[in-house]
Amino acid sequence: MMGSIKKIGVKIINYFKRDKTIFAKGICFEKLLFIFIIGSIFGTYYEQLLNLFVCYFKDGSIVWESRRGLIYGPLSPIYGAGFILMVFFLGRKQYKWYEILLYGALIGGGFEYLISFLQEKFIGTVSWDYSSYPLNIGGRTTIPYMFFWGALCFLAVKKIYPFLSNLIEKIPYNLGKLLTNILVVFLAINMFLSWGALIRQSLRRAGIKAYTPVGNFFDKYYTDEYLKRFYANMKESDS
């Protein structure tokens, strides 16, 4: 019995051992998926730390508030998707530093504006409002923030991505493929539940009753109080 278990263990280890096949070579789906996850995790903790510092310097309070974009896991997809866009459009060709800053500013600011617009139109909520900030564009982004995105893009494309790309390609091929499948299923379910719950919350607030088992499921398990734990800074739109 022990001998059989040992043989199975050896086979599993050998299966996941690093071989000569490079996992996620170049800018491919697998590479971008891992980049998305890393960017999403970074974005969550960046927002939470930023909020912590703002609250502390404002009134001395210690506030560790959720800034995630999905219910399950510390993931902020807007940052993950932004990282992907920067790498996909600016990481495959050699650009001058000022071109990366300019294109990065346009990509970051444009994407921030688009997400804000879609969130307000489809979910009826807003997670940020720059209306009181100088040089804002419709309250959805600002020109100074766009240049911040440009600087972040330069850092991401020139420094962070090459380092992460090298690490990702060192993952054993079979292990990488397994992790890719797990992450795809996890993200698909997570996004469906998270965004489905938010859309249902918007309909609930508008007085629209659930007419399907899916709607009843969201009303039962993803109440306003439950969602507030994960989307503490999300407010209803005034429009």
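Glu-65 and Arg-67 join side chains in a salt bridge, with N and O 2.4 Å apart. That's in a predicted model, and by the rule used here the count comes to 7 salt bridges. Aromatic pairs turn up too: a search of the whole structure gives 22 of them. Helix H6, residues 173–205, keeps coming back in what follows.

- Glu-65 counts as partly exposed, at 25% relative accessibility.

**Helix H6**
- H6 has 33 residues and runs 47 Å from its first C-alpha to its last.
- That's close to the 48 Å you'd expect at 1.5 Å a residue.
- Just after H6 comes Gly-207, which takes a positive phi of about 85°.

**H6 to H2: Lys-177 and Glu-30**
- Lys-177 makes a salt bridge with Glu-30, and the closest N and O atoms sit 2.8 Å apart.
- Lys-177 belongs to H6 and Glu-30 to helix H2 (residues 29–59), so this pair ties together parts that are 147 residues apart in sequence.
- Lys-177 is partly exposed, with 29% relative accessibility.
- Glu-30 is buried, with a relative accessible area of 16%.

**H6 to H7: Arg-200 and Asp-219**
- Asp-219 pairs with Arg-200 in a salt bridge whose closest N and O atoms are 2.9 Å apart.
- Here the link runs between distant parts of the chain, from Asp-219 in helix H7 (residues 213–221) to Arg-200 in H6, 19 residues apart.
- Asp-219 is partly exposed at 23% relative accessibility, while Arg-200 is buried at 7%.

**Aromatic rings**
- One aromatic cluster brings together Phe-192, Phe-217, Phe-218, Tyr-221, Tyr-222, Tyr-226 and Phe-230.
- If you want to go through the pairs, a pair of aromatic rings is described by the distance of the centres and the angle of the planes.

**Charges over rings**
- Arg-92 lies over the face of Phe-88, 4.0 Å from the ring centre.
- Arg-140 does likewise over the face of Tyr-113, at 5.6 Å from the ring centre.

Conventions. Residues are numbered from 1 along each chain as its sequence is written. This is a predicted model: local features need pLDDT of at least 70, side-chain atom pairs count only at pLDDT 80 or more; totals for chains, interfaces and linings use all residues. Side-chain values use heavy atoms; hydrogens and water are left out. Helices (H or I, at least four residues) and strands (E, at least two) are DSSP runs, numbered from the N terminus. The expected span of a helix is 1.5 Å times one less than its number of residues. Rings of Phe, Tyr and Trp (its six-membered ring) pair if their centres lie within 6.5 Å; planes under 30 degrees apart count as stacked, over 60 as edge-to-face and the rest as tilted. A charge sits over a ring if NZ of Lys or CZ of Arg is within 6 Å of the ring centre and within 35 degrees of the ring normal. A salt bridge is a side-chain nitrogen of Lys or Arg within 4 Å of a carboxyl oxygen of Asp or Glu. Buried means under 20% relative accessible area, exposed over 50%, partly exposed in between (1.4 Å probe, protein chains only).
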